[in-house]
Amino acid sequence: MGLRRLRGHDPGGDPFRTPGLADLARRRPRRETLAEVTARADEVVTWARAEDRDVLVFAHGHILRSIGARWLGLPIDFAARIRLNPTSLSVLGWAYGDPAIESWNDVGHLVP
């Protein structure tokens with residue numbers, strides 16, 4: 001739904017006070033439960049481990065932290081304790097046959 005439609009084609013209209021926006025907000029999907037986030041993160045981990053090559057995952061920070069926790073076999077709530085900056089790079093891998101974090105939250109590629 002475009003901004004013009006939300007404003008009712010009134011260029012001076014306020015999209016945040018337009019009934020169309022209120023209707024849109026009421027139809028918004030509910031929040032995921034921790035079990036649903038866990039299942040979504042586990043699906044990515046299972047896929048990545050099944051590949052016979054390196055894989056790249058690009059996503060929002062919250063799910064990336066969740067994937068990091070689940071990669072290590074930790075409960076999803078551990079993700080709240082993992083800091084992850086925007087545009088940072090992280091590498092998940094293996095150490096002595098066990099899932100490991102090779103690097104996390106690397107921002108060395110950013111220009112100061």
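Colleague: What percentage of the residues of the protein count as buried?

Modeller: Of its 112 residues, 21% count as buried, where buried means under 20% relative accessible area, exposed over 50% and partly exposed in between, with a 1.4 Å probe and protein chains only. This is a predicted model in which local features need pLDDT of at least 70 and side-chain atom pairs count only at pLDDT 80 or more, while totals for chains, interfaces and linings use all residues. Residues are numbered from 1 along each chain as its sequence is written, and side-chain values use heavy atoms, with hydrogens and water left out.

Colleague: And how many helices and strands are there?

Modeller: The protein has four helices and two strands, in the order α-α-α-α-β-β along the sequence. Both are DSSP runs numbered from the N terminus: helices are H or I with at least four residues, strands E with at least two.

Colleague: At what angle do α3 and α4 pack?

Modeller: Helix α3 (residues 34–50) and helix α4 (residues 61–71) pack at about 65°, with their axes 9 Å apart. The axes are lines fitted to C-alpha atoms over the stretch in contact, and angles run from 0 to 180 degrees between N-to-C directions. The two helices are therefore roughly perpendicular to each other, a term for angles of 65 to 115 degrees.

Colleague: Which residues make that contact?

Modeller: From α3 they are V37, T38, R40, A41, D42, V44, V45, A48 and R49, and from α4 I63, S66, I67, R70 and W71. Contact means heavy atoms within 4.5 Å.

Colleague: Which residues make up the largest nonpolar core?

Modeller: That core has eight residues: V37, A41, V45, A48, I63, I67, W71 and I76. α3 gives the most to it, with four residues. A nonpolar core is a set of buried Ala, Val, Leu, Ile, Met, Phe, Trp, Tyr and Cys residues joined through side-chain atoms within 4.5 Å.

Colleague: What does I67 touch?

Modeller: Not counting residues up to four places away in sequence, I67 touches A41, V44, V45, V57 and L92.

Colleague: A change of topic: where is E32?

Modeller: E32 lies in the loop between α2 (19–26) and α3. At 39% relative accessibility, E32 counts as partly exposed.

Colleague: And which residues is E32 in contact with?

Modeller: Leaving aside neighbours within four places in sequence, E32 is in contact with V37 and R40. V37 also belongs to the largest nonpolar core, and both V37 and R40 take part in the contact of α3 with α4.

Methods. Angles under 35 degrees count as roughly parallel, over 145 as roughly antiparallel, 65 to 115 as roughly perpendicular and the rest as oblique.
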